[in-house]
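Reader: I would like to learn how to read sheets and helix packing in a model. Please take the features in turn.

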Amino acid sequence: MAESRPPELDVDRLIDDRRTRIIVCCGSGGVGKTTLAAAIGLRAAERGRHVVVLTVDPARRLAQSMGLTSLDNTPRVVPGVRPAAHAGNGAESAGSLHAMMLDMKRTFDEIVEAHADPDRAAQILANPFYQSLSSSFAGTQEYMAMEKLGQLRRADEWDLIVVDTPPSRSALDFLDAPQRLSRFLDGKLLRLLTAPAKVGGRAYLRVLNAGFGVVTGMLTKILGTAVLKDVQTFVSALDTMFGGFRERADYTYQLLRAPGTSFLVVAAPEDDALREASYFVERLDHERMPLAGLIINRVQLLPAAHLSAARSQAAAETLQAAGPSEHAGSEEAARLLTIAALHLHADRMEQAAAQRRTAEQFTGAHPLVPVAEIPAQAEDVHDLDGLRRIGQAFGSA
Amino acid sequence: MATRDTDWDGVRLHVVTGKGGTGKTTVAGALALALAANGKNVLLMEVEGRQGIAQLFDVPPLPYAERRIAVGLGTRAHQGGDVFALVADPESALLEYLEMFYSLRHAGSALAKLGVMDFATTIAPGLRDVLLTGKAAEAVRRKDDKRSRVYDAVVMDAPPTGRIGRFLNVTSEVSDLARVGPIRGHADTVLKVIRSPETVVHFVTVLEEMPVQETLDGIAELRALGGIRAGGIIVNMTRPLELAAGQLQAAADGDIDQAQLALGLKSAGLDDAAALAAALSAELCAQAKTALGQELQQQRLDTAGQPCYQLPWLTGGIGLSGLYRLASALREQKAA
């Protein structure tokens with residue numbers, strides 16, 4: 001079989017291109033997406049961009065690695081950004097880096113406060129149903145992440161926004177959740193429920209006659225009357241904002257499709273992660289969202305890659321068969337050390353081969369998607385230098 | 001039947017959680033196979049709608065129905081029992097619940113078409129959880145006509161560590177919503193099962209900083225909730241290095257005798273021994289650094305005071321045979 005290599009994803013070119021205004025990092029959980037988003041942000045800043053990284057991951061370590069004690073809902077400046085030596089992109093000086101972590105409840109509260117008069121806002125914020133919706137509705141986090149992205153873009157204080165998507169059940173959730181929540185909030189059913197509390201509910205009356213009794217009866221059985229009452233109060237208080245939710249969801253959706261936005265799909269070189277990545281690439285294509293490429297993170301790269309697993313294993317067996325050396329001491333130590341090194345190498349070569357096969361399943365199905373590989377790091381990232389090391393992998397592309 | 005001590009004798013509901021990417025579903029599958037040794041019947045349940053079990057066992061997508069998907073781990077003395085799988089989703093569980101308590105299946109299906117089910121589970125996230133845990137509790141308690149339990153054990157591939165406390169602590173979740181009423185009563189029954197000694201929560205992790213932190217946080221969270229028991233910590237994808245303890249630190253510091261290594265390589269018949277020794281010692285150094293970091297993480301896990309089990313890294317993917325290997329490893333370590 002002829003080996004066909006996928007096009008190389010040039011992340012440096014992407015971040016050096018001033019027309020790139022938003023980079024969305026997506027992928028399934030546990031692939032190192034948040035750390036990569038931070039590494040991309042740092043590299044872009046050191047190559048002259050003014051960057052804000054929006055993360056949803058409450059990882060203290062990530063905050064600490066950027067010299068911040070913690071991240072919150074306000075962009076904080078990351079100290080220690082310096083111009084990249086020989087960036088070769090014409091940038092004379094470093095840009096800047098801000099980082100923030102999404103607080104979904106706070107963001108939701110702010111929308112309410114911005115759109116309702118103080119009395120009504122207070123009423124909504126105190127509603128038990130609102131509290132449950134804003135802190136635990138499956139989809140609120142995704143919706144608020146996109147809302148925050150929209151806010152950052154409108155603020156226009158940064159020329160590049162790097163956003164890390166929530167660790168959803170499925171990587172696609174953040175595309176669907178905003179619409180799901182807005183559909184829910186201005187949905188027929190919610191209006192049906194609240195119709196008795198409103199005067200102008202005539203359009204729904206016909207449906208209402210047929211089904212309302214059954215529907216509320218059922219919901220009361222399941223949830224109890226108190227919940228329904230909370231929902232009704234909430235919805236009538238929120239009434240003026242209904243249109244707003246849909247508009248906002250539409251705005252972010254358009255923003256994601258606009259020129260200047262690029263999606264990076266992040267995966268680990270494993271079956272599950274690459275399968276998710278495949279779904280995601282297909283979905284982005286279907287929605288005509290601009291995919292920049294796939295980043296395969298934590299790839300096993302070996303300095304002695306020219307020594308195959310089989311030869312390494314065979315050599316180890318030769319040494320084992322030879323048995324303990326008659327000359328105790330250094331010769332025997334050499335033998336044991338070599339066996340350990342050869343076994344390790346054979347094992348890692350097999351892992352690398354398995355990773356390559358998995359990656360080839362992806363590239364076989366999506367031959368046109370550019371790919372970049374990030375080598376596995378020996379240690380966890382603890383500081384800006386750790387993030388820089390990851391970013392350097394983009395340079396070799 | 002000969003009884004054999006395991007760390008979890010008497011446990012019937014094994015809840016398996018873990019951070020994304022740690023192999024939670026794989027471990028849940030292996031645990032189900034291990035528990036189904038000696039002719040026991042086990043239900044493996046999935047609650048997040050990702051069809052992870054179907055992928056793991058390489059079968060077509062599973063419906064909301066209990067299907068036999070594998071034979072448990074065989075031992076010298078006994079054949080394995082049966083492993084059944086169930087993909088539980090809140091909507092189907094709600095329909096089943098309505099039917100069971102109100103004989104409302106038809107009305108329920110009609111309402112499902114209207115989107116009422118989606119609505120109900122949407123405005124009350126706690127409802128979603130109580131329906132899923134409720135299904136597990138029901139399976140644990142179910143008896144056949146001879147009044148013996150249908151399943152010897154139920155293994156639940158649960159939500160990730162970050163959400164596990166909220167997922168299991170159904171009463172407080174639901175009491176915020178349904179202060180009285182049938183769901184509240186249902187939740188109380190479910191919680192009785194979850195808080196009984198028949199239920200434990202196992203944590204799957206790998207030896208990296210973030211998953212270990214989430215494991216420790218998750219165990220602390222369960223303890224703070226009170227009444228829900230933490231089970232074992234299953235360290236997945238371990239790959240020990242063949243170096244003595246003293247050598248490990250030296251190797252991580254880059255203190256590797258390349259001349260010695262070159263000598264060894266030469267006597268193994270490999271060419272260009274000096275260059276190869278340099279490349280291999282770079283590999284050793286990187287892996288030793290990783291291993292030292294892992295030792296540190298293992299020490300942190302040890303402070304949790306829960307039994308720890310090690311599952312090996314399987315080169316070249318898992319597959320069914322790999323799953324049985326992991327199952328025997330769990331059994332040998334008395335996790336099942």
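Author: What follows goes through the sheets, then the helix contacts, then a single residue.

Reader: What kind of model is this, and how are residues and chains labelled?

Author: This is a predicted model, in which local features need pLDDT of at least 70, side-chain atom pairs count only at pLDDT 80 or more, and totals for chains, interfaces and linings use all residues. Residues are numbered from 1 along each chain as its sequence is written, while chains are lettered from A and ligands numbered from 1 in the order in which they are written.

Reader: How many helices and strands does chain B have?

Author: Helices (H or I, at least four residues) and strands (E, at least two) are DSSP runs, numbered from the N terminus. Chain B comes to 14 helices and 8 strands.

Reader: In what order do the strands of the chain B sheet lie?

Author: Two strands pair if DSSP finds at least two bridges between them. In chain B, 8 strands form an open sheet with mixed pairing, in the order β3-β4-β2-β5-β1-β6-β7-β8. At the edges stand β3 (67–71) and β8 of chain B, each with a single partner strand, so one side of each has no neighbour in the sheet. From one strand to the next the twist averages 25°; angles of this kind run from 0 to 180 degrees between N-to-C directions, and axes are lines fitted to C-alpha atoms, for helices over the stretch in contact.

Reader: How do β7 and β8 of chain B pair?

Author: Strand β7 (residues 229–238) of chain B pairs with β8(B) in the parallel sense, over 4 bridges. B:V235 stands opposite B:Q310, and B:T238 stands opposite B:P312.

Reader: Which residues of β8(B) are on the covered face and which on the uncovered one?

Author: In a regular strand the side chains alternate between the two faces of the sheet. In strand β8 (residues 308–312) of chain B, B:Y309 and B:L311 form the covered face, and B:C308, B:Q310 and B:P312 form the uncovered one.

Reader: What is the strand order in the sheet of chain A?

Author: The chain A sheet is open, has 8 strands in the order β3-β4-β2-β5-β1-β6-β7-β8, and its pairing is mixed. Its edges are β3 (76–77) and β8 (371–375) of chain A, each with a single partner strand, so one side of each is left without a neighbour. Strands β6 (residues 261–267) and β7 (residues 291–299) of chain A run parallel and are joined by 5 bridges. Within that pair, A:V265 stands opposite A:L294.

Reader: Which helices pack on the chain A sheet?

Author: Two residues are in contact if their C-beta atoms, placed from the backbone, lie within 7 Å. Helix α2 (residues 33–46) of chain A packs on the sheet and touches β1 (22–26), β2 (50–55), β4 (96–101), β5 (160–164), β6 and β7 of chain A. The direction of α2 makes about 170° with that of β2(A). Helix α13 (residues 271–286) of chain A lies across β1, β6 and β7 of chain A, at about 160° to β6(A).

Reader: At what angle do α12 and α13 of chain B pack?

Author: Angles under 35 degrees count as roughly parallel, over 145 as roughly antiparallel, 65 to 115 as roughly perpendicular and the rest as oblique. Helix α12 (residues 258–267) and helix α13 (residues 273–302) of chain B pack at about 120°, with their axes 8 Å apart. That angle makes α12(B) oblique to α13(B). The contact uses residues including B:L261 and B:L265 of α12(B) and B:L276 and B:L280 of α13(B). Its residues divide into 9 nonpolar, 2 polar and 1 charged; Ala, Val, Leu, Ile, Met, Phe, Trp, Tyr, Cys and Pro count as nonpolar, Asp, Glu, Lys and Arg as charged, and the others, Gly among them, as polar.

Reader: Which residues make the contact of α15(A) with α13(B)?

Author: Helix α15 (residues 330–365) of chain A packs against α13(B) at about 80°, with axes 10 Å apart. The two helices are therefore roughly perpendicular to each other. A:A341, A:L344, A:H345 and A:R348 of α15(A) meet B:L280, B:E283, B:L284 and B:Q287 of α13(B). By class, this contact has 4 nonpolar, 2 polar and 2 charged residues.

Reader: Where does B:E138 lie?

Author: B:E138 lies in helix α6 (residues 125–141) of chain B. A residue is buried if 20 or more other C-beta atoms lie within 10 Å of its own, exposed if 12 or fewer, and partly exposed in between, with C-beta atoms placed from the backbone. B:E138 is partly exposed, with 17 other C-beta atoms within 10 Å. Of the 336 residues of chain B, 49% count as buried.
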